[in-house]
Amino acid sequence: MFRIILFLVLIALAALGATWVADQTGTIVMSWDVWRVEATLPAFVLGVGVLVVASVLLWSIVRGLWLAPKRLRRARRERRNARGREAVTRGLLAIGQGDAAAARSHARVARRLVSRDPLTLLLHAQSAQLDGNADRAQRAFRTMAERADTRLLGLRGLFIEAQRADDRAAAVAIAEEALKVSPSSMWASQAALGYRCAAADWTGALAILDKNVASGLIDKTLYRRQRGVLLTARALELEQSDRDASRNAVMEAVKFAPTLVPAVVLASRYLGEANQMRRAMRMIETAWLAQPHPDLADAYAHVTPGDSARERLARIETLAEKTPGHPEGAMAIARAAIDASEFARARAALEPLIAAPTQRVAMLMAEIEHNEHADSGRARAWTLRAVRALHDPVWTADGYVSDHWRPVSPVTGRLDAFQWQTPLAALPSSRPALVEAGLPDQIAGEAPRVEALPPASPGGPAAAQGDVTPVVAVEPSPSGVEAEPSPSFRAQADSDKTVASDIPAVIPIVRAPDDPGVDEDQQNDGFAEENASAARQAGGLRGLLSRRST
């Protein structure tokens, strides 16, 4: 609306000006040598206007002809750039689709049309990577690294190619060069940090970590956790060589990561040696409340050197009360109770876990059965149950399971990757179990309990003969049928001699490997009952006639 009003105002002003000029009287005379021009004022103004317009038109034509070659070159260049950008776009789409041939073709077109464009260099490098041509990809990334605008991108590509070639030294050198170009580069920082950790250069790793937090790459919480991990790794490395430096490092690590289990365990050990038991116990209790762990329970039990087994049991019960109902607390009590020969207390602690026991629970129950009653049958049953029981939590990182904590994942090099959890491979499966679920319970219920009886007197007949006759105590089975007696435990030396004499040096093959038959002289595995009558029964026609006669 404003433009329309302004346009009308200008038209009105122009009309008023033309009317004023037309109303003027007088004559304008121009004399030049022998030339004389006379014109009225309106005619003069009109002539001047026509002359100005003609001059402008002529100047425009001349200027257009003068700049025509430059404009043609610019138009041609713009058309080439447009075609090149289209080739780059189509090439990147082909790379995303995994079409190596199309990507290679578009890369050639883009390189011919827009060879200096950064996206063209990127397309050329990625098409080479898609083809698996490492040399061509390295040349493209090296060209990018020589340019100021694509230097960091070229270094990133060279770093990836060095990783693919398993050239660790070159990868680290490229990452450090990228850190010089851009200290805030996350991938370069992580690569340099991972290399320092893999080389056990904890001092260098701590320096890189400080630069990361100064550059704002990581927040304060992550910085404190990772610094605690690195200090713990250095303390564990110096534990045998420099205990003072190890003690200082682990104490600082606990300040940064008070719930890190290996740091707390090592720090409590040093505090126990310095007679600072209360401080060590408070430190362990803090970590236990965050994540109960068997190493914490063991450190808590032995925080005071020289305590008796019953004193350790009382201390563990106090620790377990802080997390009621947690399996780690129950297993810690059971472990301490077994050491103190309080088998009833150990059974009571494991009672809630017996319905779905883990491997540690089953092995603890086997140890209880063996130590309390010397019951080998029930101990073997619990051992067999441990084979198919649920797995306990372990230190795992990126699918890798370790028997101890590590600061860095050996798979990816990631810092603080190990977590105390059940490994993925140990999760319940939908496949049926190979061992029937009720077999160990049935064995435990039907197996006779063996009780060790006192040895014979020195003047007895057994001593006179130089031999000891095994004495057994048999309990009736639940079905009411008496089980066959089994010998009591032998002494360790006699057992070793017997086993060594029974096992031949070379076991002969008495049948073909694919024969599903059963050997007649098959040994008893300790679980199946022997059937003497079936073993003595003859086969073939003679056996058939003997069975008919009976």
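Which residues gather in a patch of positive charge on the surface? The legends below begin with that patch.

This is a predicted model, with residues numbered from 1 along each chain as its sequence is written. Local features need pLDDT of at least 70, side-chain atom pairs count only at pLDDT 80 or more, totals for chains, interfaces and linings use all residues, and side-chain values use heavy atoms, with hydrogens and water left out.

**View 1. A positive patch on the surface.** Arg63, Lys70, Arg71, Arg73, Arg74 and Arg77 gather here. Patch residues have over 30% relative accessible area and no salt bridge; like charges are joined within 9 Å, nonpolar side chains (Val, Leu, Ile, Met, Phe, Trp, Tyr) within 5 Å. Arg63 sits in helix α2 (residues 41-97). Helices are DSSP runs of H or I, at least four residues, numbered from the N terminus. Arg63 is partly exposed, at 42% relative accessible area. Buried means under 20%, exposed over 50%, and partly exposed in between (1.4 Å probe, protein chains only).

**View 2. A nonpolar patch on the surface.** Met1, Phe2, Ile5, Leu6, Val9, Leu10, Leu13 and Leu16 form this patch. Together they have about 890 Å² of accessible area, by the Shrake-Rupley method with a 1.4 Å probe. Ile5 belongs to helix α1 (residues 2-23). Its relative accessible area is 44%, so Ile5 is partly exposed.

View 3. A salt bridge is a side-chain nitrogen of Lys or Arg within 4 Å of a carboxyl oxygen of Asp or Glu. Arg90 is partly exposed at 46%, and Glu86 is partly exposed at 43%.

**View 4. Arg196 meets Glu176.** The closest N and O atoms of this salt bridge are 2.7 Å apart. The pair links distant parts of the chain, 20 residues apart: Arg196 in helix α8 (residues 186-198) and Glu176 in helix α7 (residues 168-181). Arg196 is partly exposed at 24%. Glu176 is partly exposed at 29%.

**View 5. Arg227 meets Glu252.** Their side chains form a salt bridge of 3.5 Å, N to O. Arg227 lies in helix α10 (residues 220-237) and Glu252 in helix α11 (residues 243-256), 25 residues apart. Arg227 is buried at 13%, whereas Glu252 is partly exposed at 28%. The whole structure holds 24 salt bridges.

Key: Lys, Arg positive; Asp, Glu negative; His and termini not counted. Charge placed at Lys NZ, Arg CZ, Asp CG, Glu CD. Helix = DSSP H or I, 4+ residues; strand = E, 2+ residues; numbered from the N terminus.
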